[in-house]
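Open the model in your viewer and keep the selection tool at hand.

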Amino acid sequence: MQKKNLDWEHLGFGYTPTDYRWQAEFEDGAWVREGLVTDPQLHLTEAACVFHYSQSCFEGLKAYTTKDGHIVTFRPDMNAERMINTCRRLEMPEYPKEKFVNAVIETVRANAAWVPPFGTGASLYIRPVMIGSGPQIGVAPAPSYTFRIFVMPVGSYFKGGIKPLKLRVSDYDRAAPHGTGHIKAGLNYAMSLYPTMEAHREGFAENLYLDPATRTYVEETGGANVIFVDKDNNLIVPKSDSILPSITRRSLIYVGEHYLGLKVIERRVALEEIRDFKEAALCGTAAVLAPVGEIHTKAGVIALPSGMEKIGEISAKLRETLTGIQACEIEAPEGWIRKIC
Ligand code: PLP
Ligand code: COI
């Protein structure tokens with residue numbers, strides 16, 4: 001198979017239409033017309049529920065080329081389960097786990113020429129998405145749905161690779177108490193677009209959101225969870241019902257405990273406590289593990305001791321171990337790696 005002629009080392013994080021995408025439609029209580037298609041366009045009615053009542057959700061995972069030239073993906077079953085939970089909360093039909101994992105594998109295999117080669121630092125980003133595509137004018141779920149998986153080669157999500165990021169604590173919330181922060185609904189991202197652009201205009205990479213009920217505890221950013229390392233080298237992981245359960249974060253917890261021998265503490269983390277921490281990092285499929293150097297708050301700047309020049313020691317070990325597992329250079333826990341070809 002001939003790889004596409006791309007500048008793999010310098011890819012950004014953006015959309016590139018590739019050769020194939022998976023499509024399935026939900027009509028009269030069943031998934032129909034399932035399979036690979038080539039057309040990147042969707043033809044939708046103006047009354048589609050997604051346009052009016054934002055009935056949409058998505059997932060994100062990646063495929064990698066290993067040193068010996070295989071293509072693998074990382075924990076697709078976890079994305080399948082999270083999408084099922086999301087769909088339940090949004091009154092959307094579930095795309096069954098076996099179908100989801102099979103569709104991911106088929107779509108990546110069909111686009112193998114687009115999977116970045118080993119050692120380029122790039123990967124194939126996989127975007128499953130579901131929308132209420134049937135007509136709906138009264139406020140109610142759509143009568144029919146479209147599920148798609150499309151893929152694109154990507155590089156680093158944040159410009160500058162693993163240079164520490166500057167965050168600000170947002171005055172806005174990305175989620176509501178008892179709302180939808182814990183699911184991957186498109187509407188959560190609509191909530192964060194204005195604060196995200198405002199943060200960028202002010203020179204910050206991202207917003208750090210606080211718990212929407214009391215604005216005391218740290219939640220996450222618009223597109224990644226946040227983790228900390230305390231002075232005793234413990235991994236401190238914020239816990240809240242309105243944080244998206246990141247698969248990267250859950251994997252890093254396992255890596256921290258079982259590969260690096262760290263003590264992991266999952267608990268509520270007050271904003272003020274960050275002053276006592278040694279390292280902070282964002283984690284997610286797109287972000288991988290991105291170090292944080294400064295957090296700007298109303299009460300002043302919290303400068304992490306790891307600084308703005310380089311990634312902290314524990315964060316670096318976590319990142320190297322996770323990416324080593326994903327590229328099959330380090331043995332993975334049972335079931336984490338799905339070989340595609
Ligand atoms: N938090 C938010 C709001 C996200 O959009 C994402 C991205 O998927 C994450 C966290 C990280 O989740 P994961 O590690 O499963 O990609
Ligand atoms: C991901 O990491 O897969 C996401 O969905 C986050 C998004 C901000 C790109």
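Predicted model: local features only at pLDDT ≥ 70, side-chain atom pairs only at ≥ 80, totals over all residues.

A polar contact is a pair of N or O atoms within 3.5 Å.

Select K184 together with ligand 2: a polar atom of the K184 side chain is 2.8 Å from an oxygen atom of the ligand. On its own, ligand 2 has 290 Å² of accessible area, and the protein covers 89% of it.

Besides K184, T285 and A286, select F13, F58, G60, Y125, R127, Y157 and G223.

Move on to the largest nonpolar core, which has 35 residues. Pick out W31, Y95, V108, I126, M130 and F147, the residues with the most contacts inside this core. Then colour the elements that each supply at least two of its residues: strand 1 (21–27), strand 4 (61–65), helix 2 (76–89), helix 3 (97–110), strand 6 (123–132) and strand 7 (145–154). Helix 3 gives the largest share, six residues.

Centre the view on F147. Which residues is F147 in contact with, leaving aside its neighbours within four places in sequence? Select W22, Q23, A24, W31, M83, Y95, F100, P128, V129 and M130 to see them.

For the last stop, select L167, L208, V269 and I302, which are among the 24 residues of a second, separate core.

Terms used: Residues numbered from 1 in each chain as written. Chains lettered and ligands numbered in written order. Heavy atoms only, no water. Core = buried A, V, L, I, M, F, W, Y, C linked by side-chain atoms within 4.5 Å. Buried < 20%, exposed > 50% of the residue type's maximum accessible area, 1.4 Å probe, protein only. Helix = DSSP H or I, 4+ residues; strand = E, 2+ residues; numbered from the N terminus. Contact = heavy atoms within 4.5 Å. Near = heavy atom within 4 Å. Polar contact = N/O pair within 3.5 Å; in protein donor to acceptor, adjacent residues only side chain to side chain. Areas by Shrake-Rupley, 256 points an atom, 1.4 Å probe, with all protein chains shown as cover.
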